[in-house]
Amino acid sequence: MKLAKKILAAVLASCMAILTFAGCGSQDTSWIATDKDGDAIPVGVYLYHRLEAYTEALDLVEDKAGEVWDQEIEDKTGYEWVHDKALQAVKNYAAVEEKFEELGYTLAEEQEAYAENQATQRYNYYSGLYEANGISSDSVVAIYMNQMKSSVIFQNTYAPGGTQGLSVDELKQELEENYLRFKTIMLPRTNSDGVLLSDEELAAAEEEQADYLKRAQDGEDFDQLITESEDNYIKELMGDESYEPTASDYGHDHAEENAHINVLRKDSTDVSAELLDAVAAVDEGEFGTVEDIDYYYVFQRLDITEDEDAVVEALEAQLTSDLKADDFDKEIEDWGNNVQLTLNDKAVDYYQKRKFKEASF
């Protein structure tokens with residue numbers, strides 16, 4: 001699809017999206033809009049984002065058990081709010097396509113392959129729901145390709161060396177202020193079926209936690225203690241005390257120097273808030289313990305500035321996103337509000353007030 005290299009002066013001068021409506025005459029509902037070059041945007045792009053907006057609306061309505069469509073969100077009916085969010089997403093989609101072409105970028109083969117693979121995985125997982133609601137696999141692939149293009153624009157703009165690139169010092173500051181570096185022993189509080197251990201088993205696990213803490217504080221190598229705890233867990237899982245765990249069992253190679261090091265934002269959801277809060281509460285180099293619903297932990301907080309250059313290099317994309325993602329989202333929305341679209345009024349009328357169907361299998 002060829003997109004024009006220049007944005008019309010009238011579009012640039014406008015402070016809101018230029019949206020025209022095509023007549024109903026010979027239209028179908030397979031597309032939601034056309035861009036300024038007349039290229040159609042599949043209706044699946046709108047329907048996908050309408051479903052995403054509905055999911056968001058479920059968390060925003062006052063009556064969580066009530067019908068979303070019958071409630072007000074930000075002074076709009078449920079139908080209006082969901083439609084407006086989805087339509088904004090369509091405008092943003094078109095704006096990213098236009099900007100990507102304008103900047104002369106292309107996706108590398110590996111980027112296309114990654115986006116297509118991610119889209120296929122998502123579609124396969126939700127295929128019943130998507131098929132029931134008119135969202136094709138091609139539409140999901142188009143959305144993920146668009147997201148990859150957005151990522152390329154973002155990185156080429158804000159990553160170090162980009163047109164508005166952050167400095168390495170700015171990335172280091174973000175790392176030092178908002179990240180934690182630590183190691184941890186994890187002792188399960190549930191069995192392999194996710195069922196909470198018995199009181200006796202929990203008491204034994206607590207004693208094991210206390211023993212590991214004492215041994216760590218007495219100077220035993222913490223990496224070896226982590227490996228020991230992993231060995232014990234794997235052997236118990238296998239039901240064989242003589243079993244020799246392998247790297248595939250561990251999920252990492254113990255021969256690697258930093259095999260057990262975690263570097264995460266203080267508000268990360270990759271691990272429990274209880275663990276991150278406990279790590280943040282101790283001094284660097286200190287050991288501590290905490291528990292959550294799933295595990296007893298013994299942890300050591302590490303110096304965040306150790307190997308800082310290597311860490312910043314490894315986390316460059318994430319750190320850049322931390323600092324500039326919100327600004328970029330607003331920028332895309334500005335582009336979207338100035339993009340020229342011709343809406344398919346027949347598709348809007350048909351889908352805007354339709355309820356979602358349950359997944360079909």
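The model is predicted, so local features need pLDDT of at least 70 and side-chain atom pairs count only at pLDDT 80 or more, while totals for chains, interfaces and linings use all residues. Residues are numbered from 1 along each chain as its sequence is written, and side-chain values use heavy atoms, leaving out hydrogens and water.

**The sheet.** Select strand E6 (residues 179–188) and strand E9 (residues 295–302), which pair in the antiparallel sense over eight bridges. Helices (H or I, at least four residues) and strands (E, at least two) are DSSP runs numbered from the N terminus; two strands pair if DSSP finds at least two bridges between them. Pro188 stands opposite Tyr295 in E9.

Now display the whole open sheet: four strands in the order E7-E6-E9-E8, with antiparallel pairing. Its edge strands are E7 (262–265) and E8 (287–291), each pairing on one side only.

**Charges over rings.** Select Arg189: its charged end sits over the ring of Tyr296, 5.0 Å from the centre. Then turn to Arg50, which lies over the face of Phe356 at 4.9 Å from the ring centre. The criterion is NZ of Lys or CZ of Arg within 6 Å of the ring centre and within 35 degrees of the ring normal.
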